[in-house]
Amino acid sequence: TSTQQGRHTGDMRAFLLALVALLSTAAAFAPAPHPLLARLRHGQRTAGVSTRSSTITMACRLNAKKEKRARNVENMRKFKKPTGKKFGPGKGKGNSAKASAMGVKRAAAREAEANFVATLFSSVDPDAAAADEGATK
């Protein structure tokens with residue numbers, strides 16, 4: 001009976017050793033408890049507890065946003081479009097030959113229109129008109 005009892009205790013020790021190994025590996029993969037819950041379990045006061053410890057994981061995101069803003073400002077300076085005069089006819093179009101030719105055409109059209117409008121609104125003296133008609137006949 002002593003050999004059976006020795007074998008039984010050996011099996012029990014192996015079982016307990018396997019159980020302890022299983023529990024220790026399970027605890028390694030379990031999530032860490034929240035700091036506030038751990039303090040409540042230990043009976044500490046939570047009145048002066050800051051929540052900074054729960055937001056530490058987001059600090060890298062804030063740093064990434066600051067770095068992105070700095071990169072954007074740098075790239076805006078580096079790749080900004082050339083600015084010209086934005087208002088008025090022919091402003092900001094560059095000095096191409098096509099733009100110059102179109103400007104000349106537009107100026108000629110404006111001058112012709114101004115001459116036409118001036119003839120529409122000119123007043124004619126009836127006596128001067130009769131004298132002109134008599135001179136042409």
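Figure 1. Because its relative accessibility is 41%, Met 12 counts as partly exposed. Together with Phe 15, Leu 16, Leu 19, Leu 22 and Leu 23, Met 12 forms a nonpolar patch on the surface. The accessible area of these residues together is about 590 Å².

**Figure 2. Salt bridge between Glu 74 and Lys 78.** The side chains of Glu 74 and Lys 78 meet in a salt bridge, with a distance of 3.9 Å from N to O. Both partners, Glu 74 and Lys 78, lie in helix α4, and they are four residues apart, which is about one turn of the helix. Glu 74 has a relative accessibility of 45% and therefore counts as partly exposed. Lys 78, at 52% relative accessibility, counts as exposed, because the cut-off for that class is over 50%. The count of salt bridges comes to one.

Figure 3. Arg 61 lies in helix α4, which covers residues 59-78.

**Figure 4. Helices α3 and α5 and the confidence of the prediction.** Among the elements of the chain, helix α3 (residues 52-55) has the lowest mean pLDDT, at 54. Helix α5 (residues 97-120) has the highest, with a mean of 91. For the chain, the mean pLDDT is 75. A pLDDT of 70 or more is reached by 61% of its residues.

**Figure 5. The helices and the surface of the chain.** The chain contains six helices and zero strands. From the N terminus on, its elements run α-α-α-α-α-α. Of the 137 residues of the chain, 1% count as buried. The accessible surface of the chain comes to about 13,100 Å². Carbon and sulfur atoms account for 61% of that surface.

Notes. Residues numbered from 1 in each chain as written. Predicted model: local features only at pLDDT ≥ 70, side-chain atom pairs only at ≥ 80, totals over all residues. Heavy atoms only, no water. Helix = DSSP H or I, 4+ residues; strand = E, 2+ residues; numbered from the N terminus. Patch = residues over 30% accessible without salt bridge, like charges linked within 9 Å, V, L, I, M, F, W, Y side chains within 5 Å. Areas by Shrake-Rupley, 256 points an atom, 1.4 Å probe, with all protein chains shown as cover. Salt bridge = Lys/Arg side-chain N within 4 Å of Asp/Glu carboxyl O. Buried < 20%, exposed > 50% of the residue type's maximum accessible area, 1.4 Å probe, protein only. pLDDT = per-residue confidence, 0-100.
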